[in-house]
Amino acid sequence: MNTTADDTPHIAFLGLGSMGTPMARRLLAAGHRLTVWNRSPGRISALVEAGAVPAATPAEAVREADLVITMLADPAALYAVAEQLLPALRPGTHWIDTSTVGPQAVRDVAGRLPSGVLLTDAPVMGSVDRAASGELWVLAGGPLPGPVRRVLDTLGEVTECGPAGSGAALKLVLINAAIGGVALVSEVLSLGASLDLPEELLRSELARGPLAGAVARAYAEGSHFPVALAAKDVALARGHAELPVLDAVHTALTAHPELAARDLATLRPVR
């Protein structure tokens with residue numbers, strides 16, 4: 001990997017949605033030279049004001065980069081961006097994909113890498129609040145040379161999962177546990193309401209048991225995990241195993257398209 005004189009890699013960051021933007025801000029604050037691209041150009045203006053360099057296309061963004069980070073919505077978005085950036089990657093470039101796309105998509109793009117380019121899958125657990133504070137849980141699969149590890153350490157706590165694709169695989173397990181847990185909390189809160197139990201009593205007692213994490217997520221403030229993305233993550237998992245409980249969760253997540261952009265916590269009954 002080529003780096004600047006102070007061993008700080010020049011980073012291209014592609015995908016500046018709700019998660020990508022605070023992650024990119026963390027890297028700028030850490031002193032990285034940052035080139036940014038987003039499908040909707042209006043999303044990059046605040047980062048440009050903070051010192052990032054805008055790029056008109058993915059190829060332009062990565063052409064001079066030492067390290068490329070993508071944070072994209074789904075496999076289709078990853079494939080579309082890969083079509084443009086792969087021919088522009090220089091030997092020695094390292095690509096980190098932090099998207100939640102599943103191990104098959106990681107294997108697909110890894111199989112098309114130019115000679116001398118490496119790929120690490122490093123999806124993250126945590127929402128926008130943790131992205132902003134550098135407290136994400138980074139699930140890294142594949143090679144982790146020093147400069148790559150230091151960049152990921154800036155974003156949060158890194159778990160080394162194994163070979164390429166293992167980070168993407170573990171992310172599917174963990175995120176589906178979280179989504180399923182929030183769905184179950186929603187149902188038992190509805191059960192409690194039907195039994196005329198106060199919501200605060202239900203919340204406090206559920207938080208003392210094995211669903212404590214799911215209860216915390218259901219009531220979290222400052223986080224944003226759209227229902228549509230939760231449904232996508234469940235759909236990705238369903239392609240790998242028979243999951244009847246998560247099948248039911250997916251049906252619930254997709255039953256009301258008008259809620260697709262709202263946070264997953266909208267599953268929690270509101271009284």
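Reply:

**A helix and the loops around it**

D196 sits in the loop between α8 and α9 (199–206), where helices are DSSP runs of H or I with at least four residues, strands are runs of E with at least two, and both are numbered from the N terminus. The model is a predicted one, in which local features need pLDDT of at least 70 and side-chain atom pairs count only at pLDDT 80 or more, while totals for chains, interfaces and linings use all residues. Residues are numbered from 1 along each chain as its sequence is written, and side-chain values use heavy atoms, with hydrogens and water left out.

The phi of D196 is near 65°, a positive value in a residue other than glycine. Most residues other than glycine have a negative phi. D196 is also exposed, at a relative accessible area of 70%; buried means under 20%, exposed over 50%, and partly exposed in between, with a 1.4 Å probe and protein chains only.

The helix to look at closely is α11 (residues 227–238), whose axis comes within 10 Å of that of α8 (residues 166–194), the two crossing at roughly 125°. Such axes are lines fitted to C-alpha atoms, for helices over the stretch in contact, and the angles run from 0 to 180 degrees between N-to-C directions.

In the contact itself (heavy atoms within 4.5 Å), L172, I175, N176 and I179 of α8 meet A230, D233, V234, L236 and A237 of α11. By class, these residues divide into 7 nonpolar, 1 polar and 1 charged, where Ala, Val, Leu, Ile, Met, Phe, Trp, Tyr, Cys and Pro count as nonpolar, Asp, Glu, Lys and Arg as charged, and the others, Gly among them, as polar.

The buried residues of α11 are V227, A230, A231, K232, D233, V234, L236 and A237, and what covers them includes α4 (75–85), α5 (102–110), α8 and α12 (244–254). Two of these covering helices, α4 and α5, pack at an angle of about 10° with their axes 10 Å apart, and they are therefore roughly parallel to each other. In that packing, P75, L78, Y79 and A82 of α4 meet Q104, A105, D108 and V109 of α5.

Terms used
Angles under 35 degrees count as roughly parallel, over 145 as roughly antiparallel, 65 to 115 as roughly perpendicular and the rest as oblique.
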